[in-house]
Amino acid sequence: MVIGAGECGGRAALALRDLGFEGPVTLVGDEPHLPYERPPLSKEAMTGEALSIKAIATDALFAERAIRHIHSVRAVAIDRAVHVVQLSDGSSLPYQKLLLATGSVPRTLPMPGLGERCVYLRTFNDALAIRAHLSAGNRVAIIGGGFIGLELAAAARKLGAAVTVIEAQPRILMRGVPAEIAEIIHKAHEAEGVAIRTGQGIAAIADDGAEVSITLADGQAIVADLAVIGIGAVPVTALAAEAGLAIDNGIAVDEQLRTADPDIFAAGDCCSFPLAVYGGRRVRLEAWRNAQEQGALAAKNMQGAEEAHAAVPWFWSDQYGLTLQIAGLSDEGKSIVRRDLDDGAFILFHLAEDGRLVAASGIGPGNAVARDIRLAEMLIAKRASPAPEALGSQAVKLKSLLAA
Ligand SMILES: Cc1cc2nc3c(=O)[nH]c(=O)nc-3n(C[C@H](O)[C@H](O)[C@H](O)COP(=O)(O)OP(=O)(O)OC[C@H]3O[C@@H](n4cnc5c(N)ncnc54)[C@H](O)[C@@H]3O)c2cc1C
């Protein structure tokens, strides 16, 4: 059984069948939809005439694969002793192996004064509600200069809304993105007319149901028709915690994505796991590809494969015509080497103290950095220590470093 019908849970259910599992597969999700892609909800999809869901499977595919998808129902308790999950509709279901793919939810802003014009973006229904306010003449305040907030700012500008981004840190994208790249994104937003207020805490919020008034720490007031709060996400762990499973910045699993209960696995945004490429450092990733990869790996290991998670983290973001891609964990780096590519694109290679390549962050128009980031990812997986001069020179093909 899989709990959580998101990217990870949906992929895991399909993978169980791809791998030849013939027993019953049940996918329980509390949203009313088929499992769907979340990344489009803050990007281009927001700017179309009508927002539509990009499902990762159809009812027909689930039927053909004999996957039972129970939607709009929440798993409320796990009785590990008898291997039964209780659901919010009062029913209960037995399991042999259980995958928790409960994802994450937006971190809430702990302030008084929030009302119906202060919203978060995680689900398709959230996106629909936000979309209704993104039109010319409307004012949108985005609290938090992280990926989701900035992508949404770009979409809102495209639709003609007036946008202000408020960030408490001294710069946008403080977490995991080098200053040089954040600066380019900052300038792109300003060029498109977004007002960015960095280093600004919020002193007060007043939401009267028609508009939101945000008072910044320096006393300035920003009045908006909608405030979207994007200050990070927290893993959904209550179900696991109440079942007595260990929580450590997410549901704690081993390198095979197994909890301390040999019949319960966790994967995707909800879990923390030891990342082999970084000496077993425990991390939790909030990334689309990780959710897919871990869903597939959990499906394998639920059938006894005993395979360790060995992937290098990878993330992307699209804003205006720019694509940012990051492979690896940049906070492991001590020094940076820059490689310029065509069309103004560039990649920053992050090297550890011992010279090992630990991350690569790139930005450029369209797909300009995709190929080299992919090669960097392979170098990181190999734990390679390429010469900084070679990394920095466009004349040296990254592929040749892989062969070395
Ligand atoms: C707007 C947006 C844009 C994004 N853009 C990018 C991007 O550009 N690049 C990138 O790499 N990543 C991006 N992400 C992140 C990516 O979408 C997530 O990492 C991915 O969705 C995680 O998949 P998941 O299945 O682990 O969790 P989720 O997709 O959150 O799915 C978990 C599901 O489980 C359900 N659930 C939870 N508890 C229960 C329960 N007890 N019973 C039943 N159901 C339950 C939840 O309601 C949810 O439907 C974005 C996310 C958002 C929200």
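Reply: Helix 7 (residues 288–302) gives the lining of the largest cavity its largest share, three residues. Helices here are DSSP runs of H or I with at least four residues, strands are runs of E with at least two, and both are numbered from the N terminus. Please keep in mind that this is a predicted model, where local features need pLDDT of at least 70, side-chain atom pairs count only at pLDDT 80 or more, and totals for chains, interfaces and linings use all residues. Residues are numbered from 1 along each chain as its sequence is written, and side-chain values use heavy atoms, leaving out hydrogens and water.

The cavity is lined by Leu 285, Ala 287, Arg 289, Asn 290, Glu 293, His 309, Ala 311, Val 312, Pro 313 and Trp 314. By class, six of these lining residues are nonpolar, two are polar and two are charged. The volume of this largest cavity is about 50 Å³, and the count gives one cavity of 30 Å³ or more. (On a 1 Å grid over the protein atoms alone, a cavity is where a 1.4 Å probe fits but cannot get out, and lining residues have an atom within 4 Å of a point.)

Now for the ligand. Around the ligand there are 34 residues, and the nearest are Asp 30, Glu 31, Arg 38, Lys 43 and Arg 122. One of these, Lys 43, places a polar side-chain atom 2.5 Å from an oxygen atom of the ligand. Asp 269 also brings a polar side-chain atom to a ligand oxygen, at 2.7 Å. On its own, the ligand has 1,000 Å² of accessible area, and the protein covers 96% of that.

Helix 7 returns here: along with helix 1 (7–18), helix 4 (147–158) and strand 22 (314–319), helix 7 gives two or more residues to the shell around the ligand. Domain 1 (2–105 + 233–302) and domain 2 (108–229) each provide at least three residues of that shell. Sorted by class, the shell holds 16 nonpolar, eight polar and 10 charged residues.

Terms used:
1 Å grid on protein atoms, 1.4 Å probe; cavity = no way out; pocket = protein on both sides within 12 Å on 5 of 7 lines; lining within 4 Å. Points joined across faces, edges and corners; volume = space filled by probe spheres on them. Nonpolar A, V, L, I, M, F, W, Y, C, P; charged D, E, K, R; others polar. Near = heavy atom within 4 Å. Polar contact = N/O pair within 3.5 Å; in protein donor to acceptor, adjacent residues only side chain to side chain. Areas by Shrake-Rupley, 256 points an atom, 1.4 Å probe, with all protein chains shown as cover. Domains from an automatic or database assignment.
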